[in-house]
Amino acid sequence: MLHDPVAFGPANALVAVKPLTGPSLRLLQRARFALPPILASNADDRHAGIRRVVGSFFTPATVAAIEPRIRELARAAVTVAARAVDEDGSVDLVEAVAARPPAILMLELLGLPVRDVAQLKTWSRESLELFWGWPDDERQLRLAGGAAEFYTWLRTVVREAVGADRRTLFGSLAEHGLSTPELCSLGYFLLIAGQETTTQLISTALFRLAANPDPDAWRKVATPAGASALVRRVLATESSVPTWRRVTTRAVELDGETLPAGCEILLELTGNHGTRARPTAYSLAFGSGIHRCLGAKLAELEATVVVQETARTLPPCRLGDASPEWTRLLSFQSPRTVTVTRR
Ligand code: HEM
């Protein structure tokens with residue numbers, strides 16, 4: 001399906017799982033909120049050109065070159081976390097370690113000012129729940145309020161970036177011909193998908209590390225190979241993006257069954273798929289084909305470095321809370337907190 005984007009289109013990629021109510025829609029309209037298809041949900045022939053421009057900000061060379069910066073941010077966060085374990089006996093690794101580095105790196109890579117990071121994290125979580133969750137009407141309205149605020153903030157960021165005399169993603173895309181609403185639509189997706197999913201991946205990896213009863217687990221993960229193995233295992237078994245959607249653009253024959261046009265499909269990219277099938281490979285964690293994730297290398301490197309630095313710097317820890325709340329949305333998952341205490 002991923003390799004036949006004509007029959008299995010991406011138009012439903014960013015559609016709210018639970019339809020937006022009248023009050024939520026009105027609130028979003030007042031902020032001129034709109035998500036015209038640009039990348040993830042774009043089926044038209046502009047996709048390839050836009051993808052090339054966005055991809056030029058995340059080339060393998062760019063990603064490799066920022067490894068020292070990733071490590072610097074990871075070490076700063078882990079040092080604070082280690083002090084908290086020392087002084088207070090415990091720390092929440094989601095807040096202390098996983099949350100900020102991916103967001104700061106994303107803003108830096110796009111040529112944007114690093115500001116309002118805490119707010120960006122809150123808006124990201126709210127928008128994921130608004131579009132991929134099942135909030136009741138009252139909560140949906142509150143989440144829509146957050147999305148509208150985010151979009152208004154984004155419009156200012158986009159305007160500044162287009163007028164800036166440095167290289168920015170929005171400046172490059174404006175030169176490529178994208179309008180302001182199109183830039184905001186892409187920015188909305190990228191500023192969330194480009195960092196919150198990595199925070200989630202790091203959170204789940206740290207949760208599994210702290211839950212591991214093997215006394216040697218922290219020493220193993222303190223090496224690049226050990227950290228990479230843990231991150232890949234999490235990507236294969238409980239990735240932050242375990243599913244993604246497609247929709248049939250015409251009637252399609254599948255396994256002897258005819259799917260009508262407009263049939264919405266939930267693809268299980270990774271995970272163990274119950275008992276009837278073999279576990280999936282990690283290779284589908286970032287999708288495949290013309291929409292494959294443009295941040296795959298970046299996300300994996302960030303997660304590996306942050307997890308490795310945590311295991312290297314913190315004393316071996318165990319979970320302080322073995323059953324934290326998890327975010328479980330249609331296409332996103334991770335523990336909300338990973339509270340650890342010294343072993
Ligand atoms: C653990 C972190 C991440 C996971 C699991 C993930 C996963 C995915 C998946 C499953 C897709 C859909 C692929 C398809 O339809 O074939 C996707 C698309 C995309 N991702 Fe990621 N992603 C992550 C992080 C990132 C980062 C850091 C960036 C920043 C560049 C990013 C940018 C994108 C873009 C731009 C698309 C749309 C590409 C297109 O439609 O051409 N993602 N991602």
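Residues are numbered from 1 along each chain as its sequence is written. Because the model is predicted, local features need pLDDT of at least 70 and side-chain atom pairs count only at pLDDT 80 or more, whereas totals for chains, interfaces and linings use all residues. Helices (H or I, at least four residues) and strands (E, at least two) are DSSP runs, numbered from the N terminus.

The ligand is surrounded by 29 residues, a residue being near a molecule or strand if its C-beta atom, placed from the backbone, lies within 6 Å of it. The closest are Gly194, Gly287, His291, Cys293 and Gly295. Two or more residues of this shell come from each of α2 (47–55), α10 (180–193), α11 (196–211) and α14 (296–313). The largest share, 3 residues, is given by α11. By class, the shell holds 17 nonpolar, 10 polar and 2 charged residues; here Ala, Val, Leu, Ile, Met, Phe, Trp, Tyr, Cys and Pro count as nonpolar, Asp, Glu, Lys and Arg as charged, and the others, Gly among them, as polar.

Helix α14 has 18 residues, and its end C-alpha atoms are 26 Å apart. A residue is buried if 20 or more other C-beta atoms lie within 10 Å of its own, exposed if 12 or fewer, and partly exposed in between, with C-beta atoms placed from the backbone.

Helix α6 (residues 100–109) is largely enclosed by the rest of the structure, because 7 of its 10 residues are buried. These buried residues are Arg100, Pro101, Pro102, Ala103, Leu105, Met106 and Leu107. They pack against α4, α7 (117–132), α10, α11 and α14, where two residues are in contact if their C-beta atoms, placed from the backbone, lie within 7 Å. Just after α6, Gly111 takes a positive phi of about 80°.

Within α11 lies Thr204, which counts as buried with 25 C-beta neighbours inside 10 Å. Not counting residues up to four places away in sequence, Thr204 touches Val234, Glu238, Ser240, Ser334 and Pro335. The C-alpha atoms of Thr204 and Thr337 are separated by 9.5 Å, although the two residues are 133 residues apart along the chain.

Strands of a sheet pair through backbone hydrogen bonds, either parallel or antiparallel. Two strands are taken to pair if DSSP finds at least two bridges between them. The antiparallel pairing of β7 with β10 (residues 339–342) extends over 3 bridges, and Arg318 stands opposite Thr341 in β10.

Strand β1 is joined by 2 bridges to β3 (residues 243–248). In β3, the bridge partner of Phe8 is Thr248 and that of Gly9 is Val247. Strands β3 and β6 pair over 5 bridges in the antiparallel sense, and Val247 has Glu264 as its bridge partner in β6.

Most residues other than glycine have a negative phi, and most peptide bonds are trans. Arg32, in the loop between α1 (22–30) and α2, has a positive phi near 55°. With 13 C-beta neighbours inside 10 Å, Arg32 counts as partly exposed. Asp255 also has a positive phi, about 50°, and lies in the loop between β4 (252–254) and β5 (257–259). Asp255 counts as exposed, with 5 C-beta neighbours inside 10 Å.

Conventions: The expected span of a helix is 1.5 Å times one less than its number of residues.
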